[in-house]
Amino acid sequence: MPAFRQVGEKQLPQEVVFMAWSPKRDLIALANRAGEVLLHRLANFQRVWSLPPNENTGKEVTALAWRPDGKILAFGLTDTKRIILCDVEKPESLHSFSVDSSITYMHWMEVTEESSVLTSFYNAEDESNLLLPKLPALPKNYSTTAKIFSEEKSDEIMKLLGDVRLNALVLGGSSGFIEIYAYGMFKIATVTGVEGSCRGLCLSSDLKSLSVITEIRDSSDSEAEITYFQLDTSLLSSYLPEVTRMARKFTHISTLLQYIKLSLTCMCEAWEEILMQMDSRLTKFVQEKNTTTSVQDEFMQLLLWGKASLELQALLMNQLTVKGLKKLGQSIESSYSSIQKLVISHLQSGSEALLYHLSELKGMALWKQKYESLGLDASGIEEAITAVGSFILKANELLQVIDSSMKNFKAFFRWLYVAMLRMSEDHVLPELNKMTQKDITFVADFLTEHFNEAPELYNRKGKYFNVERVGQYLKDEDDDLVSPPNTEGNQWFNFLKNSTHLKESPLLFPYYPEKSLHFVKRQMEGVIDQCLQKPADVIGKSVHQAVCMSLYKTSQSEDSAPQLFKLPFLWNDKTSNIHYVLFTILENSISKIHILRRHTDTSRSVSNGILAVDFGNFLNNSINESLDSRCYSCLDAHFYDDETVTVVLKENVEQEGKERVLAQLPLSSVYTDEDQDREFIWDSTKRLDEQSGEISTRTVFLENQWRVLENMKAQYVSVNGIRKVSCVLSSNLRHVRVFEMDVEDDGEVEEEEEEETTQIAAGEPDELNQSADNQDNVCGASAEELPDETEEHESSLDP
C-alpha cells in the first residue's frame with residue numbers, strides 16, 4: 001500500500017499561480033492566471049465557489065493567505081494594488097483596502113503568547129457591547145449593502161473582527177515594501193530597511209522577529225540574488241497586551257467607518273433623480289416664456305387670485321400634469337422619509353459608537369507609560385473626535401432640512417394639486433378645498449424663499465432654481481452648498497459671534513454650514529486615518545535588522561517558473577520559537593535542499609544554523625544501487641508541521657520516464673546530537689552558495705513515507721499538517737492531485753466526522769467541514785460527471 005491515499009485529481013482549464021490550504025477545514029484556495037479565485041474541497045477536488053475578476057477589485061492575483069481561524073481568505077491584486085478580505089462561505093468581499101505597492105507575498109499569523117493580562121482581556125466582555133446599543137442592520141433593498149451589514153448578515157461585523165486574540169496579516173511587496181495589519185484590517189506597522197522584492201514572510205508567533213526573503217536585482221537582465229533578512233520586532237512583543245488593545249480599537253473604528261460609508265451610500269440611493277424634476281421644469285419654463293413676469297410672481301398670482309397665465313397653465317397641465325404632480329409628491333415623501341430613517345437609526349448610531357471608541361482610545365493615549373512608546377498621540381485623537389462631532393452636527397442639520405422640506409412640499413403640492421384640478425375643471429373634494437390664512441402664508445413664504453431666479457446658479461449648475469434642498473448634502477463634491485441653511489436671527493449663532501472666548505473653546509465642535517455631508521465625512525475619514533497612522537510609523541521605525549544573509553543567485557531556468565511557487569519557504573515553529581528557511585542550491589547538477597534555522601529571539605543563536613540534505617536511493621526498482629546515493633533533486637519543499645517537511649523529488653539519472661516522488665522528511669532524521677559539535681561558520685563577505693562545500697550534509701534514506709507520482713510531471717506542493725492533506729501541482733500548472741497524508745489515522749477521522757454530523761443535526765449547518773471519507777462514492781466518478789456535480793454543489797451553497 002502507498003503511504004498516502006489519493007482522494008482527488010483534476011485537469012484545470014487555467015494555469016494555477018497560487019494555492020493555499022485552509023488551516024481549519026478540508027478546503028484549498030487557488031488563484032489562476034485569469035485572475036479568478038477558486039475554493040475547492042478535498043473530496044474529489046470539487047469546486048465550492050469561484051470569484052471571477054472584475055474592474056473594481058482587479059484581475060491579477062499575486063498572493064493568498066488564510067486567517068488562522070479559516071473564516072476569512074485574503075488575496076492581493078497587483079493591478080489595482082488592493083487587498084480583499086473574502087468570506088469563506090460565499091465569494092463576497094467583506095472588506096478591502098488599498099496599499100502603496102504591488103503585493104508579492106502575504107502571511108497571516110496568530111499570536112500564541114499567553115500572560116495573565118492578555119487572558120483577562122481575552123475573557124472580558126467588550127464594554128462597548130454593554131454600553132452601546134447594537135448597530136441597526138442596514139436595509140437589504142439597496143445594492144451596496146447586499147454584501148455586509150444587511151439584515152440577513154447581521155453577524156458579518158463579528159465575523160470580520162474575528163476572535164479577540166491578536167492576529168496579524170503581513171504584506172510584502174516590491175522595493176522593500178512591508179506592512180503589518182492587525183486583524184487583517186488596520187495597519188499597525190510600516191517596516192523599512194529591507195531591499196528587493198519580497199518572496200517570503202514569516203512573523204513569529206511571539207512577535208519577537210520577522211523573517212523576510214527578498215529578491216534583489218540590479219537590472220532587469222541580471223540574475224536575482226536571494227537574500228534572507230531577520231528583523232527584530234521586539235517592541236511588539238514587549239508591549240503585546242497594549243498592542244492587542246490598541247489594535248482591537250483600531251479595527252472597531254475601521255469597521256464603523258465602513259458602516260457609516262455604506263449608510264451614506266444607501267442615503268444616496270434613496271434620493272432619486274425624479275426629485276430634480278421641479279428644478280428642471282422651472283428652468284425650462286424660464287428659458288421658453290415670452291413675458292417679463294418672474295416665475296415667483298406667476299405662482300404668487302395663482303395663489304392670490306386663483307388665476308394663472310396661459311404659459312403657466314401650459315407648464316402645469318401639459319408638462320407637469322396632475323398625475324405627474326401626484327407621482328412627484330409621493331416620490332419626495334417616500335425618499336425623504338427613507339433618508340430620514342437612515343440618518344436617525346444608522347448614521348447617528350454609527351457616529352456615536354465611533355465617538356465612544358475614539359474617546360476610549362484617547363484615554364489609552366493619556367496613559368503614557370503604557371502607550372506613548374507605541375506612538376498613540378492624544379492630541380491627534382482629540383482632532384479626530386472633533387471631526388466626528390462636526391459630522392454629527394452636519395447630519396443633524398440634514399435632518400432639519402429634511403423635516404422643513406417635507407412640510408413645505410406637502411403644503412405646496414396640496415395647494416398646487418387643488419389649483420390644477422380647478423384648471424382642468426375637475427371635481428375638488430371638500431376636505432382638499434379648505435385652506436386657512438395660515439396655509440396661504442406658509443405657501444407664500446415657500447414661494448418667496450425657493451422660487452427666486454438665480455442666474456449665478458445657472459452658470460454653476462445649469463439651472464435657475466434649487467427648490468429641492470436635500471440632494472445637495474448627498475453630492476460627493478468639494479463645491480459649497482447651493483442653498484446653505486439660513487442662520488440669520490439664530491440666537492445661538494449671534495451669541496457665539498459676540499463671545500470671543502467661547503468661539504475658540506475646544507468643547508465646541510466646528511460647524512461647516514457651506515459644506516455637504518459627504519465633504520464633512522471625507523474630512524472626518526482623513527483626520528482619523530492621519531491620527532491612527534502615527535503608531536504604524538513609530539512601530540515601523542522601531543523594527544531593525546538583526547541578520548542579513550545572501551543565500552544564492554537564481555538561475556535563468558528558475559526565472560521562468562511562476563513567482564509564487566518558487567522556494568525559499570519560511571516556517572515558524574511556535575513551540576520552540578524557531579524560524580526555518582527551506583531553499584535549494586544546485587551542486588553537481590543536483591538541486592540539494594538546505595534548511596536554515598534562526599531563533600526568534602535575535603539575541604540568541606541556534607547551534608548548527610544550517611544543514612544540507614541528500615536523499616539516498618529508495619526507488620530500488622528504477623536505479624542501480626552501485627550508483628552515487630545522491631540521486632534525487634528536490635523540486636519543492638514545504639513544512640507539513642513542526643517536525644516534518646513535505647518534499648517533491650525528481651530522479652537525477654539520465655533515463656526515460658524519470659519518476660517524481662512525494663515524500664515526508666522527518667526533521668529528527670536530519671538533526672542529531674552530533675550537530676552540536678559541527679557549527680557552520682558563515683563568511684558574511686560571500687553568498688551561501690559559494691560556501692556550500694563547508695555546510696554539513698545529511699544523507700537521508702526514506703523508509704515508507706513516500707509515494708511515486710505516476711503519469712504526472714509533479715513540480716510543486718501545498719500542504720496542511722493540521723488537516724493532514726497535500727495538493728501536488730504539475731509543471732504545466734494545470735494538473736492537480738490531492739492526498740490524505742496520514743491514512744493510519746482513519747479511526748480518528750471517522751470520530752471527527754461523527755462529531756461534525758451530530759453538530760449539523762443539532763442545527764449547525766457547516767457544509768464546508770465535510771471530510772473526504774463521506775465522498776468515497778464521488779471519488780470514483782468519471783471526469784464527464786464532475787462538472788455537473790460541481791454545478792449542483794455550487795447551487796446548494798447559494799442562499
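Mentor: With two residues: Thr644 stands opposite Pro666 in β24. The model is predicted: local features need pLDDT of at least 70, side-chain atom pairs count only at pLDDT 80 or more, and totals for chains, interfaces and linings use all residues. Residues are numbered from 1 along each chain as its sequence is written, and side-chain values use heavy atoms, with hydrogens and water left out.

Trainee: What joins β23 to strand β24?

Mentor: Seven bridges join β23 to β24 (residues 660-666), and the two run antiparallel. Strands pair if DSSP finds at least two bridges between them, so these seven qualify. The strands themselves are DSSP runs of E, at least two residues long, while helices are runs of H or I of at least four, both numbered from the N terminus.

Trainee: How do strand β22 and β23 pair?

Mentor: β22 (residues 632-641) pairs with β23 in the antiparallel sense over eight bridges. Ser633 stands opposite Lys650 in β23. With two residues between them, β22 and β23 form a hairpin.

Trainee: Why is strand β23 called largely enclosed by the rest of the structure?

Mentor: Because seven of the eight residues of β23 (residues 644-651) are buried. Buried means under 20% relative accessible area, exposed means over 50%, and partly exposed lies in between (1.4 Å probe, protein chains only).

Trainee: Why are α7 and α11 called roughly perpendicular?

Mentor: The axes of α7 (residues 295-305) and α11 (residues 378-423) come within 11 Å and cross at roughly 75°. Axes are lines fitted to C-alpha atoms, for helices over the stretch in contact, with angles from 0 to 180 degrees between N-to-C directions. Under 35 degrees counts as roughly parallel, over 145 as roughly antiparallel, 65 to 115 as roughly perpendicular and the rest as oblique. The two helices are therefore roughly perpendicular.

Trainee: Which residues of α7 and α11 make the contact?

Mentor: Phe299, Leu302 and Leu303 of α7 meet Phe412, Trp415, Leu416, Ala419 and Met423 of α11. Contact means heavy atoms within 4.5 Å.

Trainee: What makes the link between Glu740 and Arg5 a salt bridge?

Mentor: Their closest N and O atoms are 2.4 Å apart. A salt bridge needs a side-chain nitrogen of Lys or Arg within 4 Å of a carboxyl oxygen of Asp or Glu, so this pair counts. Glu740 is in β29 (residues 735-740) and Arg5 in β1 (residues 5-11), 735 residues apart. At 9% relative accessibility Glu740 counts as buried, whereas Arg5, at 27%, counts as partly exposed.

Trainee: How many salt bridges does this rule give?

Mentor: The count comes to 16. Among them is Lys187 with Glu179, at 3.2 Å, and both of these residues are buried. Arg217 and Glu215 also meet in a salt bridge, at 3.3 Å from N to O. Glu215 is buried at 11%, while Arg217 is partly exposed at 32%. Arg199, Glu215 and Arg217 are linked in a network of salt bridges.
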